[in-house]
Amino acid sequence: MSVATRATARVATRSTARDLRQRFRKVPLHVSVGIVMAIWLIPTLGLLVNSFRTVQDMKTSGWWTALYPPAGFTLDSYRTIIDAPGFTDSILNSLLITVPATVIQVVISLFAGYAFAWMNFRGKDFFFIVIVALLVVPVQLTFIPVLKLFAALGLSGTFVAIWLAHTGYGLPFQTYLLRSYIGSLPREVFESADIDGANHPTKFWRIVVPMSIPAIAANLIFVFLGVWNDLLIAVTYLGQSPNRPLTVLIGQQTTSLGGNWQVLTAAAVIQMVLPLAVFLGLQRYFVRGISAGAVKG
Amino acid sequence: MDQRILTALIAIIAVPIVLVGYIQVGEWLLSRLPKRIALRMRPYVWVFPAVAFATVFMVLPTINTILISFQDAKGNPVGLDNYVFFFTNPDTLGSLKNNILWLVFFTGFVVGLGLLISVIFDRVRYESLAKTAVFLPLPISSVAASIIWKFMFELQPKGRPQTGTLNAILGTAGFDPIAWLVNTTTNNFALIAIGVWISTGFAMVIISAALKGISSELLEAARVDGANELQVLRRIIIPLLMPTLTVITTTMIITALKVFDIPYVMTSGAFGTDVIARQLFARIANSDYGRAAAVGVVLLLAVTPILLLNIRRFREQEEVR
């Protein structure tokens, strides 16, 4: 022990009484933080615990009874749900919907974001005001004409239809976000590229895209989760289709199963796993995406 | 299965080729044009896909829906009949009333709790851990969240052990169980609680970031001058956070007006919990297009003030830039 730490230790003992009083004054604070955390964690914990119990157990005793023996944990629910018709297909569908819809939306928004930020053209302000207005227009308003459009094009219930729909609905927000990010890149970089004779595709692929990686990553994660978790758009365009995603399957089953909805616990956990893994793994990007989103209002 | 493999191939190979190919081919075509024309045309090549998507999927359908709202299910003009129906039918009026409940209580609780929680969490050293807990429901879908909360609100007949978390707590405290989702005094608030549980993390993260921007010297100065914590919150923190709180409030108002998933999964709109967005959905499913469109237009009118506010705020920001 060095002299310095010993001195600190002595000071610490002397002020223990005051410390203790201070700490006691903080007890209500820690208790309230604890209560808030519990309120936000317990519901999810309950689902998680119940997903490893039999449906019979779920109906006769609360999930907390499994916290002490005999717990009676089993993978029954998971087995039942995986064997259920259409379930594994719907997981695959969720991926087949989400990945392309995300990529198309973000890439097209990057093109537009670049043009809105660094090019001048007639109608630019008008177009962008429309984009800002579209941020709050409820997508429900478009369902009837778009359903008719898909029917006319023979696209009803197809993956292509839902990719296009998600792109159309998500694009205003993505364009809005990427324009402000790309617009904040330093002007000098573009000017020196101009002097070197770089054309627009070169500037886009060599400057804009690499320099916007943080924003692109945040947006990709955000759109991915939004599409993966979407119920409304999928149930509207794929509600009766074999291509429906997991959310639609779970949503429709809950309403149709009535008193037997407990079988869906495992399905809900499976639906949550990917978003939660993405969230816990990439929390920083996720929070950035959220904060950027706050600008929209 | 074959169709899915084909779709996967399209998704992995064709989609990127089309996207990248579009801009490369577009630029190649521009390079063939006289320089002056190319300069003027280029921006349109870059914004075209976005503008086309926005036009085909948002702008034109919205206009079309407004027109449909003046027609009956078969497309004959009926004037304002669909609107008269909306404002006289108990189902649509009931959902309008519920949306107002969502608007007031969902927005109020999300913003209020978000502020309170970020102020409280700001004072402990394990702040980021605590914030993660509140933030955790955000990446969870409303569908999964609804299943989660079904276990919170579950009710067993009296005498049998309660399996729902809330009713078990009530039972331990010596109260009778409540049929949260059926009882018309509790069920709308039960559904709103789910929404609050999901969205409070959003408000908390944003407010917390803004809170870090307030100088601690300013707060100390106020405390030295004898202000108590409540006064510090009311007189200093809240006024300084006002722009942030306004943005979150408008975002939440939009969320409240559009709410669909939670009532759809939890109650299918039964027991007087229906909302406008679910009414609209149900009427589309019944091919009752005229009335559905009118419901949609009412929704659009409800968000219009915020739409105008956003445009004004955007214009102001642009002038600053």
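Is V235(A) buried or exposed? I looked that up first: V235(A) is buried, at a relative accessible area of 5%. My cut-offs are under 20% relative accessible area for buried, over 50% for exposed and partly exposed in between, with a 1.4 Å probe and protein chains only.

**Ground rules.** This is a predicted model, so I note that local features need pLDDT of at least 70 and side-chain atom pairs count only at pLDDT 80 or more, while totals for chains, interfaces and linings use all residues. Residues are numbered from 1 along each chain as its sequence is written, chains are lettered from A and ligands numbered from 1 in the order in which they are written, and side-chain values use heavy atoms, with hydrogens and water left out.

**Entry: V235(A).** I find V235(A) in helix α13 (residues 232-238) of chain A. Helices here are DSSP runs (H or I, at least four residues), and strands are E runs of at least two, numbered from the N terminus. I listed what V235(A) touches, skipping residues up to four places away in sequence: V248(A), Q252(A), F260(B), Y264(B) and F281(B). Contact means heavy atoms within 4.5 Å. I also checked V235(A) against L249(A): they are 14 residues apart along the chain, with C-alpha atoms separated by 8.9 Å.

**Entry: L257(B).** I ran the check on another residue, L257(B), which sits in helix α10 (residues 229-258) of chain B. L257(B) counts as buried at 9% relative accessibility. From L257(B) to P243(B) I get 21 Å, C-alpha to C-alpha, for 14 residues in sequence. Leaving out residues up to four places away in sequence, L257(B) touches N99(B), L103(B), L299(B), A302(B) and V303(B).

**Entry: helix α12(B).** F281(B), one of the residues touched by V235(A), is also among the buried residues of α12(B). How many of the ten residues of α12(B) are buried? I count eight, so α12(B) goes down as mostly covered. The buried set is I276(B), A277(B), R278(B), Q279(B), L280(B), F281(B), R283(B) and I284(B).

**Entry: positive phi.** Which residue with positive phi follows α12(B)? It is S287(B), with phi near 55°, and S287(B) is not a glycine. I place S287(B) in the loop between α12 and α13 (289-320) of chain B, where S287(B) is partly exposed at 39% relative accessibility. I noted S268(B) too: its phi is positive, about 55°, and S268(B) is not a glycine either. S268(B) lies in the loop between α11 (261-266) and α12 (276-285) of chain B and counts as partly exposed at 31% relative accessibility.

**Entry: salt bridges.** Side chains of opposite charge can pair when their charged atoms come close. My criterion is a side-chain nitrogen of Lys or Arg within 4 Å of a carboxyl oxygen of Asp or Glu. Searching the whole structure gave me 13 salt bridges over all chains. I wrote down these:

- D288(B) pairs with R283(B), with the closest N and O atoms 3.4 Å apart; both residues are buried.
- E229(B) pairs with R223(B), with the closest N and O atoms 2.8 Å apart. E229(B) is partly exposed at a relative accessible area of 36%, and R223(B) is partly exposed at 27%.
- E127(B) pairs with K131(B), with the closest N and O atoms 3.4 Å apart; both are buried.

E127(B) and K131(B) both lie in helix α5 (residues 127-135) of chain B, four residues apart, about one turn of the helix. An α-helix has 3.6 residues a turn, so residues three or four places apart point the same way. I also see a network of salt bridges linking D122(B), E127(B), K131(B) and K212(B).

**Entry: crossing helices in chain A.** I looked at α5 (residues 76-83) and α15 (residues 265-281) of chain A: their axes come within 8 Å and cross at roughly 80°. That makes α5(A) roughly perpendicular to α15(A). Angles of 65 to 115 degrees count as roughly perpendicular, under 35 as roughly parallel, over 145 as roughly antiparallel and the rest as oblique. Axes are lines fitted to C-alpha atoms, for helices over the stretch in contact, with angles running from 0 to 180 degrees between N-to-C directions. S77(A), Y78(A) and I81(A) of α5(A) make the contact with A266(A), A267(A), V269(A) and I270(A) of α15(A).
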